[in-house]
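Good morning, everyone. Please put the chain up on the screen, and I'll walk you through it.

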Amino acid sequence: QLTPSSFLRIGQLSNVDLNEDVRELETELPRQHPNEIPHNEKLLSLKYESLDYDNSENQLFLEEERRINHTAFRTVEIKRWVICAMIGILTGLVACFIDIVVENLAGLKYRVVKGNIDKFTEKGGLSFSLLLWATLNASVVMVGSVIVAFIEPVAAGSGIPQIKCYLNGVKIPHVVRLKTLVIKVCGVILSVVGEGPMIHSGAVIAAGISQGRSTSLKRDFKIFEYFRRDTEKRDFVSAGAAAGVSAAFGAPVGGVLFSLEEGASFWNQFLTWRIFFASMISTFTLNSVLSVYHGNAWDLSSPGLINFGKFDNEKMGYTIQEIPIFIFMGVVGGILGALFNALNYWLTMFRIRYIHQPCLQVVEAMLVAAVTATVGFIMIYCSRDCQPIQGSTVAYPLQVGDAGEQPPMQPRQRLRAGQGFETLLGVVNLFHDPPGSYNPMTLGMFTLMYFFLACWTYGLTVSAGVFIPSLLIGAAWGRLFGISLSYLTKGSIWADPGKYALMGAAAQLGGIVRMTLSLTVIMMEATGNVTYGFPIMLVLMTAKIVGDYFVEGLYDMHIQLQSVPFLHWEAPVTSHSLTAREVMSTPVTCLRRIERVGTVVDILSDTSSNHNGFPVVESNPDATQVGWPIGTVKRSPTIFPPKVFVERANLSLVQRRLKLKDFRDAYPRFPPIQSIHVSQDERECMIDLSEFMNPSPYTVPQEASLPRGFKLFRALGLRHLVVVDNRNEVVGMVTRKDLARYRLGKEGLEELSLAQT
């Protein structure tokens, strides 16, 4: 049972990953899994650390910056552009690899299925074909799910919520590791494909390149060492996320806006240019390589993995009387999106409580794959919506039925509730096929089935996004809406079903993920049509407003379900009544400027109070109060002074000053305090923390309102905010979890409980 008093000490509010390697070994040992994990949405997890996006201007940092001349600064700026170019190239190449492998694997699967169906269509016994299709689907998804569940669970899903958290300042373990990238790419190929995994992949590539080394491979290339800190790494991860969007949709501007709207918490003009450059390089690399692969080396006609085809402006314009219709479609999209999110919320809660063992997660993924294939097969078999095989543009047309009774026909229902890029073909067909191509009954049945299947699929232990399934659902009901409108208006030329399929796709996706600005531009770039910019924007804004009335967006909902201390753009609107004194953590463990080595080691070794930040105070010798702040030090760098001191004593070395390079070489995994042995004599020695502390920490008076502290914390990317009283003495510390604890609920301002899980 958690009690408020359990969480008063600041040390208990931030668990630091002191011995990650030991902890990883412990997790590999067999553990007893309870049948049910109690989970409450009104919890905030203590297992997440914060990232420090505010540079610590200690003596070492300032000395290095002063030594750097104008030419060296120019060199650093050139390196930033080089890294962004490399991010774009590698993200584009990863996208090419995924595209080519998926295309070949899908082709192989459908050749097997098609040959089997053709054989059994003549002989009878299509049930074996169904079994083969379901088994193939389940087998491939099983491999993709196993590598995610057992090797790198953080590679599950689209990765967008995790990248949002990272850019917000929350350290999600393993989220930008090379191993995560490898599992992500393999998982995408073996499970389904989507844009979300490309965004995550781009972010991992960016994090790796910008550091000039790989902690997974234990290789340090000794390049880009200047960028080994949270602030620089964050900016490059923003560029990687944008490059991922650009590679997925061929939308470089949409990528920049996605990074701005959904990802990056901190922004500036120079960063915008570099991110746009990375996005352009990404889409150009993809375009070039795929053009060569398809045998058209000079025809750069493949700007992204996902292309919705060109819309004819003359045939598919829109008139003023259609504006209310588009707004109505936005309302429908918002309601359906809210329903999708609500269903997925309860499903995810069920998964957290009961399906938390890797074996069960793999079984669930296989079950979804088999059910999906079965539903797709049955819908094709039952469909009477057929077209002649001659002249078909479908790569693997299926003939189901007795060829002797009728000319060779195939089900027009190519919108198989299946997996992979074939769903994209369904979207393109719905956008561009001429009126009369689809049976309304087929479309209605497909929309209903695919809605629930897509809802069930999101959150599985596989690497898969939600963009394409959402677009397909929306395009299907949008086309159905267009057919109905055409019927009601006696076939008016403006009521083109393809146009309404586009608006339905935008409305459905907007209703689920609640993106407006970036999604408008992505849809415009993916369709190559600026004409529809205004109606798409109207549809997306309406869908967001309506959806937000009922429930949060899908990504924010999953962040909340994981109990992550995520800070939104603004503090809760009704939080002005709270002051820093009420939200701060206290008492605070402080250090003196001149401190005993034994005291420092004991504080760092105390597992019951894993403080991550310590105010450095100065006080009168006879004072009973804590003292006034003269700086702050962080846990990880504080490990170095006793470590270097001990090395100096043991090896009888001459005086060696620490350099900033020592910290950069250790970043981001600083050595654990347990690796340091300090003798009794050494414990009595004194150490000066002046070199390592940040001499200009941010402080707020204890009477400051919560929104004021929130703005300071959020805008500057702080990790700790010192609270002082009217005598300027330290009385508490505000951390991310202290601020994230308060949120606006249905009944007003509510305070979340803190828990270790």
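I'll start with the whole chain, then take helices, a loop and sheets in turn.

First, a caution: this is a predicted model. The chain has 27 helices and 18 strands. It runs to 757 residues, and 57% of them are buried. Now look at contacts between residues at least 6 apart in sequence. Of these, 78% join residues at least 24 apart.

Let's go to the helix pairs. Find helix H5, residues 160-168, and helix H8, residues 230-249. How do their axes cross? They come within 10 Å of each other and cross at roughly 150 degrees. That makes H5 roughly antiparallel to H8, because an angle over 145 degrees counts as such. The crossing is left-handed. Who makes the contact? On the H5 side we have Ile163, Tyr166 and Leu167. On the H8 side we have Lys233, Arg234, Val237, Ser238 and Ala241. Sort these by class, and you get five nonpolar residues, one polar and two charged. Look at the spacing along a helix, too. An α-helix has 3.6 residues a turn, so residues three or four places apart point the same way.

Next pair. Helix H11 covers residues 323-354, and helix H15 covers residues 467-488. Their axes are 12 Å apart, and the packing angle is about 140 degrees. This crossing is right-handed. H11 brings Ile325, Phe328, Met329, Val332, Gly333 and Leu336 to the contact. H15 brings Trp477, Gly478, Phe481 and Leu485. Here the classes are eight nonpolar, two polar and no charged residues.

On to a loop. Thr579 sits between helix H19, residues 554-561, and helix H20, residues 580-583. Why do we call Thr579 buried? Because its relative accessible area is 13%, and the cut-off is under 20%. So what does it touch? Set aside its neighbours within four places in sequence, and Thr579 is in contact with Gln702, Glu703, Ala704, Ser705 and Leu706.

Three strands form an open sheet in the order S13-S14-S15, with mixed pairing. The edge strands are S13, residues 699-701, and S15, residues 730-735; each pairs on one side only. On average, neighbouring strands here are turned by 35 degrees against each other, direction ignored. Helix H26, residues 706-716, packs on this sheet and touches S13, S14 and S15. The direction of H26 makes about 145 degrees with that of S14. Strand S14 itself spans residues 720-724. Five bridges join S14 to S15, and the two run antiparallel.

A word of background on sheets. Strands of a sheet pair through backbone hydrogen bonds, either parallel or antiparallel. In a regular strand the side chains alternate between the two faces of the sheet.

Which strands stand at the edges? Strand S10, residues 613-618, runs antiparallel to S11, and six bridges join them. Look for Glu618: it stands opposite Trp628 in S11.

Last stop: a hairpin. Strands S16 and S17 form it, with two residues between them. S16 covers residues 742-745, and S17 covers residues 748-751. They run antiparallel and are joined by four bridges. Which residue is the bridge partner of Tyr742 in S17? It is Glu751.

That's the tour. Questions, please.

Methods: Residues are numbered from 1 along each chain as its sequence is written. This is a predicted model: local features need pLDDT of at least 70, side-chain atom pairs count only at pLDDT 80 or more; totals for chains, interfaces and linings use all residues. Side-chain values use heavy atoms; hydrogens and water are left out. Two strands pair if DSSP finds at least two bridges between them. Axes are lines fitted to C-alpha atoms, for helices over the stretch in contact, and angles run from 0 to 180 degrees between N-to-C directions. Contact means heavy atoms within 4.5 Å. Angles under 35 degrees count as roughly parallel, over 145 as roughly antiparallel, 65 to 115 as roughly perpendicular and the rest as oblique. A crossing is left-handed if the near helix is turned anticlockwise from the far one by less than a right angle, and right-handed if clockwise. Ala, Val, Leu, Ile, Met, Phe, Trp, Tyr, Cys and Pro count as nonpolar, Asp, Glu, Lys and Arg as charged, and the others, Gly among them, as polar. Buried means under 20% relative accessible area, exposed over 50%, partly exposed in between (1.4 Å probe, protein chains only).
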